[in-house]
Amino acid sequence: MTGDLPTPPGEADAQHERFAELIRTERATILAAYASSLQDLASPIITDAWTREQAMRDAAEIIADVAALVEGNEARPEDHSKTLALLTGETQAGIRLDPVDLLRVASVLFEVTVRSLGSHVRSDPNLLPCFIAAIVALNESIGKRIREATHGYAGLLLERVDQAHIEERRRIARDLHDQLGESMSVALRQFELYELVSERELAAGSSTATSRLDMPVRGAPLPGPSARGESVRGAITETMRRLRVVTSDLRQETVRSLENSLVMYLDSVTSEADVRLRVSGNESWAPPPVIGEAFLIIREAIRNALTHGYPRTLLIDIILAPHELHAWVEDDGCGFLVGEPSAGVGLSSMSERAALLNGRLTVTSALGHGTQLELLIPLSGARDARRE
């Protein structure tokens, strides 16, 4: 039967060109039906002039893409930032849209386009192959926009969560500074005043110079007032320093680049040590929370080395691979006993940060032989979660 014979290539190309022109001719009709359907559905997109105009512009571009693909041409590259803006709620009226709204709009456009083009196939069955090609192209064009918009929406949600974390950290930092920080400052001033008065009384030979702090306990000798005073002053000062570190960390913005943040920190500290930093690999393999926590851990290791180790050389080596973040901070300073109480708080905090990321922190040190800190954080789980 002649109807079963394949259409010659030249004739097929002519049919596709004719159908592409038909699509362009039908564009106004399709857009009118599209707008009417959105109106009937009371879609939130048409309640605002900006979103309505953008939705119609997107629909017109999709129809143009379909015509080009049916004709055998590649769809023209275009900027989809406004398409994403529809989904992220960047409207003049402040309307917030979500993926459900986008899917409904896409479904409406698909239906009205199929209905309009299908009417021509009923009158000319020879256009069926062209019609099928148009539907495939329509699905690809709409699907591409939905994927891009959904990724944009997911990024927006992550930014909102990140911003919420930043705001909460700032609130905690303010509370610590305004309440605990102020109390510590008052305590330090009161202690300094006590020392001043005590020194004057001692100089005048007053008997009031003796206080409970100067009394021996069960006959055991105690350090003199000056030594005890320096010890208390040092404890308060160290507590205030740690408080400033905590509030500084809480106020810190999200770390976007581990290498840049470490370079900025190193530029801000004064040291005679030869500090060498090397970062290799792609930081995009690690999610932002890992980058941020790794920065805090490595920064604290650097600060400890420069403040307490007095090294001649400090080496910082960071390797980012698709499956892990591996870092070393090594110095040739005086070293310390890992189990001593003075080192416990800082190392525990760093280890806890690593553990929260399913990572591991290893510290090796000995008196007179420097210190090496090794940080290992797996990335596969975080990367798979982002892919989902």
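Buried residues, those with under 20% relative accessible area (1.4 Å probe, protein chains only), make up 38% of the 388 residues in the protein. The model is predicted: local features need pLDDT of at least 70 and side-chain atom pairs count only at pLDDT 80 or more, while totals for chains, interfaces and linings use all residues. Residues are numbered from 1 along each chain as its sequence is written, and side-chain values use heavy atoms, with hydrogens and water left out.

The protein contains 10 helices and five strands; helices (H or I, at least four residues) and strands (E, at least two) are DSSP runs, numbered from the N terminus. A contact means heavy atoms within 4.5 Å. Among contacts between residues at least 6 apart in sequence, 72% join residues at least 24 apart.

One pair of helices may be considered in detail. Two packed helices are described by the angle between their axes and the distance between the axes. Axes are lines fitted to C-alpha atoms, for helices over the stretch in contact, and angles run from 0 to 180 degrees between N-to-C directions. The axes of α7 (residues 258–268) and α8 (residues 288–309) come within 10 Å and cross at roughly 30 degrees. Angles under 35 degrees count as roughly parallel, and α7 and α8 are therefore roughly parallel to each other. To the contact, α7 contributes Leu258, Ser261, Leu262, Tyr265 and Leu266, and α8 contributes Ile291, Ala294, Phe295, Ile298, Arg299, Ile302 and Arg303. These residues divide into nine nonpolar, one polar and two charged; Ala, Val, Leu, Ile, Met, Phe, Trp, Tyr, Cys and Pro count as nonpolar, Asp, Glu, Lys and Arg as charged, and the others, Gly among them, as polar.

The loop between α8 and β2 (313–321) holds Tyr310. Although Tyr310 is not a glycine, its phi is positive, at about 50 degrees. Tyr310 counts as exposed because its relative accessibility is 65%, exposed meaning over 50%. Asn358, in the loop between α9 (341–356) and β4 (360–365), also has a positive phi, near 60 degrees, in a residue other than glycine. Asn358 is exposed, with a relative accessible area of 65%.

In helix α4 (residues 99–123) lies Arg104, which counts as exposed at 54% relative accessibility. Arg104 and Leu38 are 66 residues apart in sequence and 9.1 Å apart in space, C-alpha to C-alpha.

The cysteines complete the picture. Cys130 counts as buried at 0% relative accessibility, whereas Cys334, at 34%, counts as partly exposed, the class between buried and exposed. The structure holds zero disulfides, a disulfide being a pair of cysteine sulfur atoms within 2.5 Å.

Note on methods:
Parallel < 35°, antiparallel > 145°, perpendicular 65-115°, else oblique.
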